[in-house]
Amino acid sequence: MAKNLFDGWRYLDEGQPGMDHSKRPLNPDFELNLPAFAGGTVLVAGPNFGCGSSREHAPWALGQYGFKAVISSSFADIFFNNCFKSGLLPIVLKKKK
């Protein structure tokens, strides 16, 4: 699952099932492709993170990529609950008013 994480942002081409991801061109402007962020274990995300990711696949992909925790001001409910099932810690950090 990790090789497909953020596929549309991570790669410059359109992925297809069964592709060899090692030969796909990486997007040099995507943050997770930058050397400074290699090996990061905490993802800081925007609000309503996980919206549209109701299956377990999204938390699995994040965990397999190496993330241990995701910090956001809010999460989609189903995604939030699936994080616990896959060992990923979702942390709600409310914005200061």
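Colleague: Which residues lie nearest the centre of the largest pocket?

Modeller: The model is a predicted one. In it, 15 residues line the largest pocket. Those nearest its centre are Phe-6, Leu-32, Leu-43, Val-44 and Ala-45.

Colleague: What volume does the largest pocket have, and how does its lining divide into nonpolar, polar and charged residues?

Modeller: The volume of the largest pocket is about 280 Å³. Its lining divides into 11 nonpolar, 3 polar and 1 charged.

Colleague: Which element gives the largest share of the lining of the largest pocket?

Modeller: The largest share amounts to 3 residues. These come from residues 42–44, that is, from strand E1.

Colleague: Where is Phe-6 placed, and what is its phi?

Modeller: Phe-6 belongs to the segment before helix H1 (7–10). Although Phe-6 is not a glycine, its phi is positive, at about 50°.

Colleague: Is Phe-49 buried or exposed?

Modeller: Phe-49 lies in the loop between E1 and H2. Beyond its neighbours within four places in sequence, Phe-49 is in contact with Phe-6, Leu-43, Leu-62, Val-70, Ser-72, Ser-74, Phe-75, Ala-76 and Phe-79. Its relative accessible area is 16%. Because the limit is under 20%, Phe-49 is classed as buried.

Colleague: What separates the backbone oxygen of Gly-46 from a polar atom of the side chain of Ser-72?

Modeller: Ser-72 is part of strand E2 (residues 69–72), and it counts as buried because its relative accessibility is 2%. Apart from residues up to four places away in sequence, Ser-72 touches Ala-45, Gly-46, Pro-47, Asn-48, Phe-49, Ile-91, Val-92 and Leu-93. From the backbone oxygen of Gly-46 to a polar atom of the side chain of Ser-72, the distance is 2.6 Å.

Colleague: Why does Ala-69 count as buried?

Modeller: Ala-69 is in strand E2. Setting aside its neighbours within four places in sequence, Ala-69 is in contact with Thr-41, Val-42, Leu-43, Leu-88, Leu-89 and Ile-91. Ala-69 counts as buried because its relative accessibility is 8%.

Colleague: Does Asn-48 count as buried, partly exposed or exposed?

Modeller: Asn-48 is in the loop between E1 and H2. Although Asn-48 is not a glycine, its phi is positive, at about 55°. Its relative accessibility is 38%, so Asn-48 counts as partly exposed.

Colleague: How far apart are the C-alpha atoms of Ala-61 and Ala-2?

Modeller: Ala-61 is placed in helix H2 and counts as buried, at 6% relative accessibility. With its neighbours within four places in sequence left aside, Ala-61 is in contact with Met-1, Ala-2 and Leu-5. Ala-61 and Ala-2 are 59 residues apart in sequence, and their C-alpha atoms are 4.5 Å apart in space.

Colleague: What distance separates the C-alpha atoms of Trp-60 and Leu-88?

Modeller: Trp-60 is also placed in helix H2, and at 38% relative accessibility it counts as partly exposed. Not counting residues up to four places away in sequence, Trp-60 touches Met-1 and Ser-86. Trp-60 and Leu-88 are 28 residues apart along the chain, and the separation of their C-alpha atoms is 8.2 Å.

Methods: Residues numbered from 1 in each chain as written. Predicted model: local features only at pLDDT ≥ 70, side-chain atom pairs only at ≥ 80, totals over all residues. Heavy atoms only, no water. 1 Å grid on protein atoms, 1.4 Å probe; cavity = no way out; pocket = protein on both sides within 12 Å on 5 of 7 lines; lining within 4 Å. Points joined across faces, edges and corners; volume = space filled by probe spheres on them. Helix = DSSP H or I, 4+ residues; strand = E, 2+ residues; numbered from the N terminus. Nonpolar A, V, L, I, M, F, W, Y, C, P; charged D, E, K, R; others polar. Buried < 20%, exposed > 50% of the residue type's maximum accessible area, 1.4 Å probe, protein only. Polar contact = N/O pair within 3.5 Å; in protein donor to acceptor, adjacent residues only side chain to side chain. Contact = heavy atoms within 4.5 Å.
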